[in-house]
Amino acid sequence: MSPPQKHTQPVRSRSQRIGLLLFFPGFIIALIGALGAGSIYPKLFFLASLCFITIGSFLYFSAAYLSAPAGIRNNRIMFASLSSRGSIGVIIALFFIAFYILMYWFPFYLEHFIAMFHPLSRMLRGKPAEQYFMYGSLYTFTIIIMGARALMKYRHSRYQIVRTCAVIFSQFVFAFLIPSILAAFNEPEKYVNYFWPLSYKDLFPSNVNYLLNFEGAISKFLLAWTILLTFAGTPVLTFFFGKRWYCSWICGCGGLANTLGDPWRQLSSKTLASWKIERYSIYSVLSLIVITTAILWLNHLFGGELLGQLSGGFIRFYGFAIGMIFAGVIGTGLYPIFGTRVWCRFGCPQAALLGIIQRFFSRFRITTNGAQCMSCGNCSTYCEMGIDVRWYAQRGQNIVRASCVGCGMCSAVCPRGVLNLENGPLAGRIKSDALPLIKSFKSGI
Amino acid sequence: MEHVVIIGNGIAGITAARHIRKHSNRRLTVISDESKHFFSRPALMYIYMGHMKYEQTKPYEDWFWKENAIDLVCDRVRKIDTKGKKAILRSGSSIPFDKLIIATGSKPNKFGWPGQDLNGVQGFYSLQDLEAVKKSTAGIRQAVIVGGGLIGVELAEMLVTRGISVIFMVRETHFWGVVLPEEEGDLVARHIKNHHVDLQFETELKEIVGDSDGKVSAVITGKGEKVPCSFVGLTVGVSPNIDFIKNTAIETDRGVLINSCFETSIEDIYAIGDCAQFREPSTGRRPVEQVWYTGKMHGETVARTICGKETPYMPGIWFNSAKFFDIEYQTYGTVMSQQKEGEKSFYWENPKGDKCVRIVFDSTTQAVLGFNFFGIRARHTTCEYWIANREKLPNVLCSMAASNFDPEFFKCFEKDIISQYNSENPGRMITLKTKKGLFSNRLT
Ligand SMILES: Cc1cc2nc3c(=O)[nH]c(=O)nc-3n(C[C@H](O)[C@H](O)[C@H](O)COP(=O)(O)OP(=O)(O)OC[C@H]3O[C@@H](n4cnc5c(N)ncnc54)[C@H](O)[C@@H]3O)c2cc1C
Ligand code: SF4
Ligand code: SF4
């Protein structure tokens, strides 16, 4: 195959170029703010940057998506440098990684940028911003802007519309507003859409004790909320709807992947080899966190004699290796290289747990429509979890996979209407419908 | 060990190979010079549009073939020695076989138009054709597509994504007139025009004109109009790709002639897929069926016969699907462009005119015979069940929701469909029985 031809037609329309012309000043204003000006004129730099970026992005996305009739428009994804691991993609990845490294370990260098968030933080939480408030705000803002893009791009699909609104809402209310309000009332600043084992500290003895000893009813409520969602909500909701209720509707990591990460969803590896690695790595992380939680409780029951100082060390190690490096730097920083759900697929203990329930005790499945599949590969290509959806679809088999987050994109991109996310009886869930002719044949190569 | 040789690595040949491997450990060789590995032909358009790379159109990873002991030979069969049981290759070598399956697919039609071999004039069938389209359309502004079938629409959609203006010349009075009834044809035509394609009906190609470099510069229509353009796509159907078989002992007509077990006139030689022609097609089916799904079924059935369990082809109820830009199309059973004697049809279209359902039924028994769906996904098994069991139209309409395969939260049209039926058939009121819901998706 020869490399794709160069396009002589303008790739971007005029309104798109105007959008970009507004976006970049917003970005540069933020940069100047970060270099020092942010501490001097925090409000001005914050608002100016916010306005330019918001208006520029909206213009760009509406020109890109609303000008054509509604439908799947994945045109040029495989040629565009940004979305096909070209130089723009690599630069963006480096930028993301640099941001994460500074934010986690050298927040000092982001001092002026963080200062731009002081006014907002004072308004919401009654205290100045620190790096995590800055990160949370930026995260929420990104989900809103890129969520708007997803809404425009996938506006022909009501499933995508409802789901995208849900992740935007969840991030904005549960992971931004509520924690900020809690902070304003001097309560523990908890993201209420994260539970154990993803939010691994939630069920550690130290945290449980902290909440129990905290003044006021809200902290008790938060503890009850965590325990309820972990032990009752998770299994029940997953039984009825599959893990998507969390991974594609509520979770902030999933929210970022399906909004900011959408341009890169096709980069996940679909090979059998990567599936093998996935199973080793994700269940290792889950095991690690389950065993640790158990040991910490034993240690607690024995009055700290079992581990002594070790428990704190472990929490720090897990936070560093898994929480920061895996979930942050690799999981998000490398969106433009390995696709959007690296963390969700290879690392997330919540996804691992939900996946086991989804695989064995759930009404959820992706139904394959008779023999209509023509093996084109769109579904596999656009599955962010790297599931080779076509492998099942072309043999008329339903897709019941632990890793499927129910984003619905395989169903949306399928040009023959072969795939449908459905909840139904457990009997015959993994059935093979096969071709009309050979219904009796189920196994094989 | 018996050696089965398959010419052609398309869906038919590869399905045969996979299923022979499933049932036996016979030696297997697949020959093709189009590509080393099997890829999905219907996905060619997505490579051009940038939705996928060639790699992603391959349904199996490259290790698959070795793992399953399927030998791939990249060469072209020049001749078949039916007596000596050998396939003679272009490279000069030959491959002996005990059993041979011919699965060479189709080639695009060209009807001898003046100028049809100019640079920038081509059909669209193979990977090589795709490469040629990429080259010929780089940087051009105007293209003409001749022939309004499925491949023509795909080509139009492809070119539009690269900002090329497309004039789409169709001979019939409405779109895809040989297959679609008028309403469906109009619905598709409106949609194609929405995508800024200049769709012209009752327009025939008379001649293609080139410049001094042998490159296309214009086409001349049947009405004598001259239309300047830099690319001409000829999508006026395909025919079996069997030229190299024509002078052998294997009997051919339009395609390689076969009986219901895919056996040709020569023992141990079989033909499947687009290139095969049934001497006696089963009822309601055509002798040559050039679609993906039938190729797959042919491959699966012939594998059984070759592995010693003679199995005649029983294709069951016809189905097919396609996509016209953004409008998905599914059909089950028989829906002809013109209704036959003794048949009637119920047609519903949404007010926006981009979704429709047609149900053809027997006018005396009311038994449903076929469905057309545009812009609504339907459940294959349910529609098939209704047709096979000659379910009556009113019953089908009452349980329409059971056939709905649209994703969750999509607007449901069953109520509108039923109220239209009721207004057309006063005195025979029917009501919707089941509804689609989050907990109650009908899975049976
Ligand atoms: C652009 C396009 C889109 C399509 N979309 C759809 C669709 O959406 N749905 C649908 O149902 N159908 C579709 N079709 C039709 C479908 O692709 C064909 O029906 C199907 O591919 C036929 O499969 P086959 O295995 O019979 O032959 P082919 O796929 O044509 O494979 C035959 C192979 O044999 C090789 N070959 C031929 N002669 C020789 C020789 N002498 N020596 C060695 N090798 C040889 C050819 O190079 C080719 O690789 C489409 C076709 C095209 C061109
Ligand atoms: S299989 Fe489909 S729904 Fe599941 S994660 Fe992949 S694309 Fe999303
Ligand atoms: S996108 Fe649809 S037709 Fe294409 S391989 Fe997947 S299920 Fe099959």
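Which residue of chain B forms a salt bridge with A:E422? The partner is B:R379, and the closest N and O atoms of the pair are 2.7 Å apart, where a salt bridge is a side-chain nitrogen of Lys or Arg within 4 Å of a carboxyl oxygen of Asp or Glu.

## Basis of the model

This is a predicted model, in which local features need pLDDT of at least 70 and side-chain atom pairs count only at pLDDT 80 or more, while totals for chains, interfaces and linings use all residues. Residues are numbered from 1 along each chain as its sequence is written, chains are lettered from A in the order in which they are written, and side-chain values use heavy atoms, with hydrogens and water left out.

## The interface of chains A and B

In the interface, 76 residues of chain B are in contact with 76 residues of chain A (heavy atoms within 4.5 Å). The two chains bury about 6,400 Å² between them, 53% of it on carbon and sulfur atoms; buried area is the accessible area (1.4 Å probe) that two parts lose on being put together, summed over both.

Between chain B and chain A there are 4 salt bridges.

## Helix packing within chain A

Helix 8 (residues 205-213) and helix 12 (residues 272-301) of chain A pack at an angle of about 60°, their axes lying 9 Å apart; helices are DSSP runs (H or I, at least four residues) numbered from the N terminus, and axes are lines fitted to C-alpha atoms over the stretch in contact, with angles running from 0 to 180 degrees between N-to-C directions. Helix 8 of chain A contributes A:P205, A:V208 and A:N209 to the contact, and helix 12 of chain A contributes A:L296, A:W297 and A:H300.

Technical notes. Helices (H or I, at least four residues) and strands (E, at least two) are DSSP runs, numbered from the N terminus.
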